Amino acid sequence: NYSEPELVGEEWGDVPKAYQHRVRKVWKRDSTFQVMNEVVVDRGPSPYLAQIELYGDGTHLTTVEADGLCLATPTGSTAYSLAAGGSLVHPEIPAILVTPICAHTLSFRPMLLPDSMVLRVVIPPDSRNTVWASFDGRHRIELRRGDHIQITASKYPLPTVCASQSQTQDWMSSLSRCLNWNERKRQKKFTMGLDGESDKSDDGGNAADEGSAVEEDAGLQMPAAGEGLIDCHMLAGRIHQTVSCAYPLKIISPTAARCTLADGTRTSLVPAVSYILSYGGGIVHGDQIRVRVRVATKCALLLLTQGSTKVYRSRGKQPVSCLPNLNPALDSNQTFQTMELTVNDGAFLCLLPDPVTCFEGAKYNQRQWIKMHKGGSLVLLDWMTSGRMSRGERWAFDKYFSVNCVSIVSGDKERLAVRDALLLGPECGPRLESLDAFAYLLILGPHVAHIADTFRSDHKQNRIRPFERTHSSVQWSVSEVCAFDVLGVAVRASSSSTEDLKLWIQSKLDGVCLVVGDSAWSMYCNA
């Protein structure tokens, strides 16, 4: 047995190497170290977290409970500090990096402090254990309770030699080489046709199966400005949505669960939900929006919007910053929104947007083309309000033109089943003063036959004898629709209150919940 005497750092060199293992090295107080990369204070061999008090210019910044604390220079930001989650800092930025090592609380994040600040790392007297400090990975010493380290920027700058004329270029090329930047294989592109068949490859290979996306031999094919694509299909027993869009259009697709009905059975179709909206919450002068949607077999897609579609006033001429005209046949001084919808056999599409609100002087054109295969089902809502009533604007827009066309496909034959058009101008305002909202509702197909029957029954009862209405301000009528034995109804409604009309529509379409389930339907009801 032998004792372990303590020797200060200056006396360490006087001890022979054969006896250095018998003594413990201790640095004198007020020792000074010059570091190029970092100072690391860590818990060492202790199993407990290190408790460290951090002060800046005499002000208490925070109490750190972590595996350690790394205080680095900008040069050392690519070393230990980077591995601990710190930021990369250019060498010309005068800063001190403070990076916690596995902090016990997520609220303490890496910081950049000015190099003019005097930092002090203190081990509090009530600390559970001692900590250890190292300076550029050397001179490892133990800090006991009450000890502290004062850290300041050195007054001796370190000159460096750059391989290139620019320090920034030399630093960036070094990072790219060491961190392997831009070496990852670029993502390939894919395209999807709305008819369910993917584009063929350049070598003449066969198209992929319906509802699948085919990768091409180049990068992602981006949509043009204002264009969007939603492809809803089944893949390996699960529903998938292929979504792409470009400014000013934005599409959000939250997840909807397939629900179990009251009788214990599951919905026959797998639901999906997509929100179609635009940046800024509206459509400005000259915008041309085009959305293509395809719903494959066994899928039920619920298309919604977040808030009413606002159409801003039309200007006298085309602004320079306006989006390019995608279709020369369209007047670039007006606003256009076109939707091309395809519903396959055994699929269901439910388009339930919020109303269109045209501001004073707006010119709005809307076209919705629906191609529905026999056996598919459709719920289409197209409605509008009188304008910004909070500003006193009622029917003050210059033009509102909406066209809805539905064609039924049976085999190789296609027949136009519905064509509904509404054209309103400023001359209609005086005759519409008593109304605030118009709605056109189309219900077709076997999956929503129970909703169509409800409309027929209620309308017949209303015509034969008066009955009490829940929404007395709503006036509506029903027309029959039939093509290739596909039955449905077309409903037109108006009201002096937009909110009354909205509640009336929700109550009448409550049967959609049996098709898409509670999860998807609640997103519409709670919007």
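An open sheet of 7 strands runs in the order 15-14-19-22-25-27-28, with mixed pairing. Strands here are DSSP runs of E with at least two residues, helices are runs of H or I with at least four, and both are numbered from the N terminus; two strands pair if DSSP finds at least two bridges between them. Please keep in mind that this is a predicted model: local features need pLDDT of at least 70 and side-chain atom pairs count only at pLDDT 80 or more, while totals for chains, interfaces and linings use all residues. Residues are numbered from 1 along each chain as its sequence is written, and side-chain values use heavy atoms, with hydrogens and water left out.

- Strand 14 (residues 227-235) pairs with strand 19 (residues 288-295) in the parallel sense, over 6 bridges.
- Within this pairing, Cys-232 has Val-295 of strand 19 as its bridge partner.

**Salt bridges**

- The structure holds 12 salt bridges, each defined as a side-chain nitrogen of Lys or Arg within 4 Å of a carboxyl oxygen of Asp or Glu.
- One of them joins Glu-340 to Arg-290, with the closest N and O atoms 3.2 Å apart. This pair links distant parts of the chain, as Glu-340 lies in strand 22 (residues 335-343) and Arg-290 in strand 19, 50 residues apart.
- Arg-388 is partly exposed at 23%, whereas Glu-393 is buried at 9%.
- Arg-394 forms a salt bridge with Glu-433, the closest N and O atoms being 3.5 Å apart. Arg-394 sits in the loop between strand 26 (377-385) and strand 27 (399-410), and Glu-433 in the loop between strand 28 and strand 29 (437-444), 39 residues apart.
- Arg-394 has a relative accessible area of 25% and Glu-433 one of 44%, and each counts as partly exposed.
- Salt bridges with shared partners join Glu-227, Arg-290 and Glu-340 into one network.

**Nonpolar cores**

- The largest nonpolar core has 40 residues, and Phe-348, Leu-352, Phe-455 and Leu-509 have the most contacts inside it. Such a core is a set of buried Ala, Val, Leu, Ile, Met, Phe, Trp, Tyr and Cys residues joined through side-chain atoms within 4.5 Å.
- Beyond its neighbours within four places in sequence, Leu-352 is in contact with residues including Leu-302, Val-379, Leu-509 and Trp-521 (contact means heavy atoms within 4.5 Å).
- Another core lies apart from the largest one, with 34 residues, among them Cys-299, Met-339, Val-406 and Val-481.

**The protein as a whole**

- The secondary structure comes to 6 helices and 31 strands.
- Of the 527 residues, 45% are buried.
- Among contacts with a separation of 6 or more, 67% involve residues 24 or more positions apart.
- The protein exposes about 28200 Å², of which carbon and sulfur atoms supply 49% (areas come from the Shrake-Rupley method with a 1.4 Å probe).

Methods. Buried < 20%, exposed > 50% of the residue type's maximum accessible area, 1.4 Å probe, protein only.
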